[in-house]
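User: Could you walk me through this model before I set anything up? I'd like to go topic by topic.

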Amino acid sequence: MKVSLFITCLSDALFPPVGEAMVRLLARYGVTLEFPAVQTCCGQPAFNSGYWNEARETASTILAAFEDCDFVISPSGSCTSMIHHYPKLFENDPVMLGKAIKLQQKSYEFTQFLVQVLGVTDVGAKFPHKVTYHPSCHGSRLLGVKEEPLLLMEQVKGMELVPLPFANDCCGFGGTFAVKMSDISGAMVTEKTDHVLETEAEVLVGLDMACLMNIAGNLRYRNKPVRVMHLAELLYEGVKGA
Amino acid sequence: MAKSEQHQAWLDGLDAQSRAKQGGFIDGISAKLRRSRPVEPPAHPFRGAPDFWNAFEWPLEERITRFMDNFKAVGGHPVRLADMEAVKSFIAGKASEMSAKYIIRQNQPELNELGLEAALPDAKISVWNSDPNEHWKARAAEADFGVVVADYAAAYTGSITVLSSKDKGRSVSLLPTVLMAIIPAERLHTRLGQVLVNFDRIGRENLPAGIHFISGPSRSADIENDLTIGVHGPGVVYAIIVG
Amino acid sequence: MSGAAPAGGNTVKERADLALNNDFLRKAVRFTTERLRTGKEKAAEDHGNWDEWRERGRQIRLHTIAHLDYYLNLFANNARANGVHVHFAETAAEAVRISLDIAKHVEARSVVKSKSMVTEELHLNTALESIGVEAIETDLGEYIIQLAGETPSHIIIPAIHKNRYQIAELLSVDAGETLAPDTQILAGFVRRKLREKFLEADIGMTGCNFAIAETGSMVLFENEGNARMVTTVPKTQITLMGMERIIPSFADLEVMATLLPRSATGQKLTVYMSGISGPRRSADADGPEEMHIIIVDNGRSLQLGDPEFQELLNCIRCGACLNACPVYRHIGGHAYGGTYSGPIGAVLTPALKKNVAEWDDIANASSLCGACYEACPVKIPLHEMLVYLRRRKLEAGRGDKLEALGMKGFAKVMRSSKRFKAVLKLGQLGQKLVVRDGGISLKVGPLKGWNTYRVAPSLAGQSFREKWPTMEQEIRNGLKEMDPALKSRMEAIVRDRENGGGGKGGHGHHG
């Protein structure tokens, strides 16, 4: 069984601990991740802005990087859902389309892989903190990752999970949206952090570093000391501490 | 009122234009859909509600309870009475309680037999369309009470259905301040679909001009999302289930 | 359009900025959309099997639109058999011309209207006024914004952006006396005032929620009773209907009646649902003597046969996507600058126009979060259509040159991991000048918008790919044997996938 890690450009460059947590957590189950170094970005920034030629160039790199593995796992529901767009992106290219469908079928977001493929919900973690959870839009709505993170979090010992008001509302990231429509995006992220602060949680956890970067950036701008973590990091920290 | 010949000629001209245009308009759609226009009805495998829904039915007592709960929840006044005698006293009682002077009712056999006129000698009770020279919309507009017998009702949505005809004015359930709708229990179904299916069954030729589902008092939430009752239609609606 | 929208400006961004600085507007819109959204979610949950109903609704709409030529033709023939004068209008101008022609011939002095988005599209009120016919909106919210000289900012709650004090002021001028800012008092005044208007009016004008092909009936959903007034009292009725409003039968209406009110306001059914099949019968004592239905294209057929946009015609105009949309909540309806606002407006407004030059930056006003798709009772993938619109704008040569250069650069870097690595290295070195405590607060260039609300993170000292060789070594050294049960689970999934059993992975919603 060859399981490859699709780290995503964002976590590669800015948040390597997320990838490391995934690698070390899965190693405990005997799953040794491969890291095809030729991988880059899923192409979503270009795709969403309408630059499909550019998105296809980038997607070709990803298709090549993961051609010969059985599973691809990534710490981002958004980047995984971008892979689900590849068949549309290559609809007029039969050769690439075949590859795109294959990749779509074997791509999983991190918690999907743990719960659906490995059948694991209790990783044996302990995390004695008050935590709130932001479900990212692409992961929850487009990929349908709703139950998986909750099942995993329920099993974490000592953790108090407080519901985030209006949790399903977008944090306002939206890629280039945050730059092009910066004031609307700013209003959205401020509303999101208001809700986070209402919960009085010590930690905000999520499944997508882009959204978490956005929320964390606003929390820091407002000088609010809430710790922001990817669920993989939380679980791995909880396993180490257990 | 007869239309002037000139007006009729103009309408005929419009209809001729419309018929002439129809073919091209519809063919334009076919062209966009990249095929010729179907002559046979297309197979429609998803017609109507899902099967599990069509199998769903409440027993009569539950239909009555659910209807009343739903009607109450939207600000209507549901009541259940044993027979038409009780209906007469109920309406008469409400009329004197609210000092209703003008009442308009449909020209329905159940209401003709009700004897409301005898029970309310001081009120002016008009019977819809009973005199061709009367201005009936004005009579309905000035009425305190409108009294109708429902043609159907649906418990799941708490809806009353009234159909228009020569003897059943649309205005009677619309213009008066208070609507009294009598629902014979056997006309109360579970689902909306059980009522709607009748219109497909009887077909276009037999449909009345107006089919109206009424599910409570007129309301609006247009000012600061603050619920207001009785904006244009009746603000007080009694649903009187008989049986 | 009669009167300018309150939020001026040429672009969505400019209008949005005005809205964002209007605290009352934001609060009002947020409050109401939240109530509607919560109501919808509760109604869907109470009803149960919501996704099955959505799927059924979608299938009915897909089927009807795929055979629109057949069903529209059938509808027109049946409506005519019911005694309706049916008209076909390819353009807005044609629909207006027909409406005015009717108004002139029946010598109308006033028209009472129930809510109709199509007439907003046509700017019909202005046209009627131009020939001296008074057009009166009778839906409470529409009446209010008509007095204010504005346009609806929400498809279901047109005056969502006004508070009771502003409304009291408007209505007091109308009444010629001071009315207290009390909802009951204000609505009571409108009831009395409009009663007279209904009784005087020569024409009643409506939109159309659904048109039933097999019986030639038109169906209206409403709560106030004004649409019933408009279709009962005046002598002439004119209904303006988008050509895609068709459903085949009354049986199909049950599905629409299940989806529409719950999605719009969380109601089990609107207070009134009326099916009108032609003018009054000869023996009837009320209802219109003459009835016209104007079937309007006005850009709708541009969507037909277009695989990326045909589903747009499935829309049942419930407004659920507006209430779910986090962008709409912050900027309100007028910022969209068209008749239709929110996510549906962002797609529909440009889609109804053939001329791409008229596409402004409307499609950019979305974070593509998909809340609209999730809320849509007929599952229109609006979030995907927004991306298609962005792409088509570029294909039409109307992209931003600087952005195009940027994207070319992006693709060049991301096509090759070597370049990506080199750029990372450069960044790690370059950022040393601006990073403070692991963050960047500088407000220049592309960071300006971002850093007005946030601190940007800095690149990691070592990227994941730089750390990987060491990490991999450690893991391989301490490798644990995989549990055979786990291994066989994984093998089963791969087998299943190869046999086509896993569908499209069985773990995603994308097609």
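Predicted model: local features only at pLDDT ≥ 70, side-chain atom pairs only at ≥ 80, totals over all residues.

User: What does the side chain of C:E94 meet in a salt bridge?

Analyst: The partner is B:K21, and the N to O distance is 2.0 Å. The pair crosses between chains, with B:K21 in helix α1 (residues 5–32) of chain B and C:E94 in helix α5 (residues 92–105) of chain C.

User: And B:K21, what does it count as at its relative accessibility?

Analyst: B:K21 counts as partly exposed, because its relative accessibility is 24%, and buried requires under 20%.

User: How many salt bridges are there between chain C and chain B?

Analyst: The count between these two chains is 5. B:R35 and C:D69 also form a salt bridge, with their closest N and O atoms 2.6 Å apart.

User: How much area do chain C and chain B bury between them?

Analyst: They bury about 8,800 Å², and 55% of that is on carbon and sulfur atoms. In terms of residues, 114 of chain C are in contact with 90 of chain B.

User: Back to charges: how many salt bridges does a search of the whole structure find?

Analyst: Over all chains the search finds 60. One of them lies within chain B, where B:E134 forms a salt bridge with B:R139 and the closest N and O atoms are 2.7 Å apart. B:E134 is partly exposed at a relative accessible area of 29%, whereas B:R139, at 18%, counts as buried.

User: What about C:E244 and C:R245, are they buried or exposed?

Analyst: C:E244 is buried, with a relative accessible area of 2%, and C:R245 also counts as buried, at 5% relative accessibility. Their side chains meet in a salt bridge, at 2.9 Å from N to O. Elsewhere, salt bridges that share partners join A:K88, A:E91, C:D306, C:E308, C:R391, C:R392 and C:E395 into one network.

User: Switching to the nonpolar side, which residues have the most contacts inside the largest core?

Analyst: They are A:Y86, B:F67, B:F199, C:L253 and C:M273, in a core of 197 residues. The largest share of this core comes from helix α12 (residues 250–265) of chain C, which supplies 8 residues.

User: What is B:F199 in contact with, leaving aside its neighbours within four places in sequence?

Analyst: On that basis B:F199 is in contact with B:Y152, B:T161, B:L163, B:L207, B:I211, B:F213 and, from chain C, C:F250. There is also a second, separate core of 52 residues, which includes A:L26, A:L114, C:L486 and C:V494.

User: Last topic, the open sheet in chain A: what order do its strands have?

Analyst: The order of its 4 strands is β6-β5-β7-β8, and the pairing is parallel. At the edges are β6 (160–162) and β8 (227–230), each of which pairs on one side only, and the twist averages 35° from one strand to the next.

User: How many bridges join β5 to β7 there?

Analyst: Strand β5 (residues 130–134) and strand β7 (residues 203–206) of chain A are joined by 4 bridges, and A:Y133 stands opposite A:V205 in β7(A).

User: Which strands does helix α12 of chain A lie across?

Analyst: Helix α12 (residues 182–199) of chain A lies across β5, β6 and β7, running at about 155° to β5(A). Helix α13 (residues 209–221) of chain A also packs on the sheet, where it touches β5, β7 and β8, and its direction makes about 175° with that of β8(A).

Notes: Residues numbered from 1 in each chain as written. Chains lettered and ligands numbered in written order. Heavy atoms only, no water. Pairing = 2+ DSSP bridges. Helix = DSSP H or I, 4+ residues; strand = E, 2+ residues; numbered from the N terminus. Axes fitted to C-alpha atoms, helices over the stretch in contact; angles between N-to-C directions. Contact = heavy atoms within 4.5 Å. Core = buried A, V, L, I, M, F, W, Y, C linked by side-chain atoms within 4.5 Å. Buried < 20%, exposed > 50% of the residue type's maximum accessible area, 1.4 Å probe, protein only. Salt bridge = Lys/Arg side-chain N within 4 Å of Asp/Glu carboxyl O. Buried area = accessible area lost by both parts, 1.4 Å probe.
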